[in-house]
Amino acid sequence: MNLFFFFNKRNKFSWNALLGAAEDLPFFDRLRIELTGNGARLAELLRAAAQNGETSLVCFSFFTPQLWETAELMQSLRRQAGPATLFLAGGPHPSGDPQGTLRLGFDLVARGEGEETFRELLSALHSGQELRRVAGLAWLDESGNLQSSSRRPLLDLDAFPPHSEKTKRFGPIEISRGCPFVCSYCQTPHLHGGRVRHRSLSAILEQVTVLHRHGITDIRFITPNAFSYGSADGRSVDLEALDRLLAGVRQTVGRAGKIFFGSFPSEVRPEQVSPESVALVKKYCHNDNLVFGAQSGSPRMLEMCRRAHTVADVYRAAELCRSAGFKTYVDFIFGLPGEEEEDIRLSLGLMRELAAMGAQVHAHTFMPLPGTAFAGKEAGRVAPEVEQEMQRLTARGRAFGQWRRQQQEAARIASYLRTGSLAG
């Protein structure tokens with residue numbers, strides 16, 4: 001049986017976890033596994049498999065902005081695929097828009113967390129069992145109506161490794177999953193749930209040891225909110241748990257190892273930046289920056305987005321980072337739904353003051369994403385005064401981001417969600 005993954009750098013860590021979840025299956029070593037980001041190569045693999053009558057599972061994971069390139073590639077791949085080829089999609093967009101994803105030509109969508117679903121799907125394929133009995137899947141019936149199997153309970157992170165040692169697919173260690181804040185624009189809680197779960201310290205250190213054994217001594221983490229590690233509710237900070245985590249990793253990797261925490265892809269929240277939490281990063285870690293989200297300088301917009309922090313929290317976090325000698329990257333979202341002139345004025349003021357403190361603005365344009373509270377809203381539009389200020393800040397080295405490209409993507413996404421058509 002063939003197992004093919006379409007590899008995109010923006011989604012690369014998904015495959016590490018899925019392969020890790022399946023690598024102890026008794027038939028895993030007999031699978032032909034290939035990851036490729038080249039559509040022509042994938043088409044070639046499918047043609048050869050069809051000629052040989054081989055069974056192939058072709059896996060995609062993608063974000064909503066990748067919808068159009070995925071649709072185009074699927075049209076081509078479907079023409080090359082034999083009757084024993086199965087196309088599976090998972091990740092943020094397929095989970096939020098399973099019916100639209102299936103209409104692209106996929107046979108199945110894995111909704112939400114994929115480790116157990118992927119593992120059981122492989123077993124069912126290998127043994128010839130009915131695939132639609134596997135929990136966590138969605139498909140279209142003969143009339144084009146969406147059908148689904150039972151939903152899965154939230155995963156225990158200790159049950160599966162964050163990477164695959166057999167295939168040497170390594171990356172950051174996922175230490176927490178789920179987010180209790182459920183921000184109106186964000187797909188994370190809809191993909192992983194609103195209850196935060198943490199990988200245990202012993203399991204994390206075991207995975208650090210695996211990385212170290214393979215010569216990887218730069219240790220990074222995946223988490224919605226790094227400073228919430230170990231906290232029961234995901235909203236508070238457990239400084240003792242953070243200290244145990246970072247001290248344990250430091251002891252495992254030794255003095256030569258490098259730890260990166262609170263920088264991409266393990267950002268923090270502004271209200272959790274404190275002298276104590278920053279001091280722990282300073283003590284154990286090598287990153288010279290901390291990343292957190294402000295998203296807006298307007299209290300009204302923060303409330304509408306359900307951010308659960310204040311503008312004052314943002315100022316305080318930036319000052320604490322500067323005092324500790326960290327570079328500070330602060331996320332902003334332009335064109336949020338319901339934004340008015342006063343909200344824009346307040347955001348511009350916050351951006352200027354943060355820049356004056358030495359911070360850099362990481363700018364985004366609002367995109368309505370399926371599965372979120374803002375899914376039905378209009379695409380974000382960057383106001384002329386915001387664009388002018390961004391040009392000034394960028395020229396001074398105080399701003400960066402893909403907000404221009406995202407403005408175009410947002411318009412396409414909003415049109416798709418409104419009409420169901422990929423045209424335009």
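In which helix does Asn16 lie? In this predicted model, where local features need pLDDT of at least 70 and side-chain atom pairs count only at pLDDT 80 or more, totals for chains, interfaces and linings use all residues. Residues are numbered from 1 along each chain as its sequence is written, and side-chain values use heavy atoms, with hydrogens and water left out.

Asn16 lies in helix 1, which covers residues 12-22; helices (H or I, at least four residues) and strands (E, at least two) are DSSP runs numbered from the N terminus. Asn16 counts as buried because its relative accessibility is 2%, where buried means under 20% relative accessible area, exposed over 50% and partly exposed in between, with a 1.4 Å probe and protein chains only. When neighbours within four places in sequence are left aside, Asn16 is in contact (heavy atoms within 4.5 Å) with Pro162, His163, Ser164, Arg169, Phe170 and Gly171. Towards Phe170, the side chain of Asn16 reaches the backbone oxygen at 3.3 Å.

The chain as a whole has 15 helices and 17 strands. Its radius of gyration, taken over C-alpha atoms, is 22 Å, close to the 22 Å that the globule rule (2.2 Å times the number of residues to the power 0.38) gives for 424 residues, so the chain is as compact as a globular protein of that length. The C-alpha trace spans about 65 × 50 × 35 Å along its principal axes, and 54% of the 424 residues count as buried. Among contacts between residues at least 6 apart in sequence, 75% join residues at least 24 apart.

Key:
A polar contact is a pair of N or O atoms within 3.5 Å; within protein, one must be able to donate a hydrogen and the other to accept it, and residues adjacent in sequence count only if both atoms are side-chain atoms.
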